[in-house]
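I opened the notebook to see what I could look up in this structure. My notes follow in the order I made them.

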Amino acid sequence: MEKRRSSGNLNLLRRRGGKKMGEYGGTQICLDGHTITYNYELGSPLQAKHCRKCGKETITQCLSCNAAIRGKYNIPNIITAGYKYELPNLCHECGQPYPWTQTLLDNAVEIVALDEYLDNDDKEIIGVNPCI
Ligand SMILES: [Zn+2]
Ligand SMILES: [Zn+2]
């Protein structure tokens, strides 16, 4: 009876390193967060200065640090079917929110502010209630 030594752990510990990985495609997104293209090469006909949906300006770089916004991650020799590009919320380089994220944040602040107003109203209503 031979007992096999488990070598499974070694496989788990093995790290992927030194391999040439893929590259991010260039992306162009309008200030409102509409994706124009997430995998363009320079000169692509898909590029546009303004969004076709809302007419806002498009950007390809972070407005804070000018780092290119990451598009689709292309791995050589691998075709990704049914790929769906996910809009990044924050710059991977400087961590600042992208314009469309900032818009969402601003809206969220407004909603919270509205909630606070409602709370104040509630407090006033409770405050002027003579029954207590
Ligand atoms: Zn747009
Ligand atoms: Zn940045």
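I started with a term: two strands pair if DSSP finds at least two bridges between them. I also noted that I am working with a predicted model.

**Entry: the hairpin**

I checked strands S1 and S2 against that rule. Strand S1 covers residues 23–30, and strand S2 covers residues 35–40. They pair in the antiparallel sense, over 3 bridges. I looked up one partner: Ile29 is bridged to Thr35 in S2. S1 and S2 form a hairpin, and 4 residues lie between them. In the turn I found Gly33, with a positive phi of about 95°.

**Entry: the overall layout**

I listed the elements next. The protein has 2 helices and 4 strands. From the N terminus on, I read the order as α-β-β-β-β-α. I then looked up burial: of the 132 residues, 11% count as buried. Residues 24 or more positions apart account for 51% of them.

**Entry: confidence**

How high is the average pLDDT of the protein? I found an average of 79, with 70% of the residues scoring at least 70. Confidence is highest in strand S3 (residues 58–59), at 95. It is lowest in helix H1 (residues 8–13), at a mean of 44. Over residues 6–17 the pLDDT is below 50. Beyond near neighbours in sequence, this stretch has 0 contacts in the model. I wrote myself a reminder: where pLDDT is low, the predicted coordinates should not be read in detail.

**Entry: Tyr38**

I went back to strand S2, where Tyr38 lies. Is Tyr38 buried or exposed? Tyr38 is buried, because 22 other C-beta atoms lie within 10 Å and the cut-off is 20 or more. Leaving out residues up to four places away in sequence, Tyr38 touches Gly25, Thr27, Gly71, Lys72 and Tyr85. I also looked up Tyr38 and Glu86, which are 48 residues apart along the chain. Their C-alpha atoms are separated by 9.3 Å.

**Entry: Gln61**

I then moved to a loop. Gln61 is found between S3 and strand S4 (70–74). Gln61 counts as partly exposed because it has 15 C-beta neighbours inside 10 Å. Leaving out residues up to four places away in sequence, Gln61 touches Asn66, Ala67, Ala68 and Ile69. Gln61 and Tyr98 are 37 residues apart in sequence. In space I noted 9.4 Å, C-alpha to C-alpha.

Notes. Residues are numbered from 1 along each chain as its sequence is written. Chains are lettered from A and ligands numbered from 1 in the order in which they are written. This is a predicted model: local features need pLDDT of at least 70, side-chain atom pairs count only at pLDDT 80 or more; totals for chains, interfaces and linings use all residues. pLDDT is the predictor's confidence in each residue, from 0 to 100. Two residues are in contact if their C-beta atoms, placed from the backbone, lie within 7 Å. A residue is buried if 20 or more other C-beta atoms lie within 10 Å of its own, exposed if 12 or fewer, and partly exposed in between; C-beta atoms are placed from the backbone.
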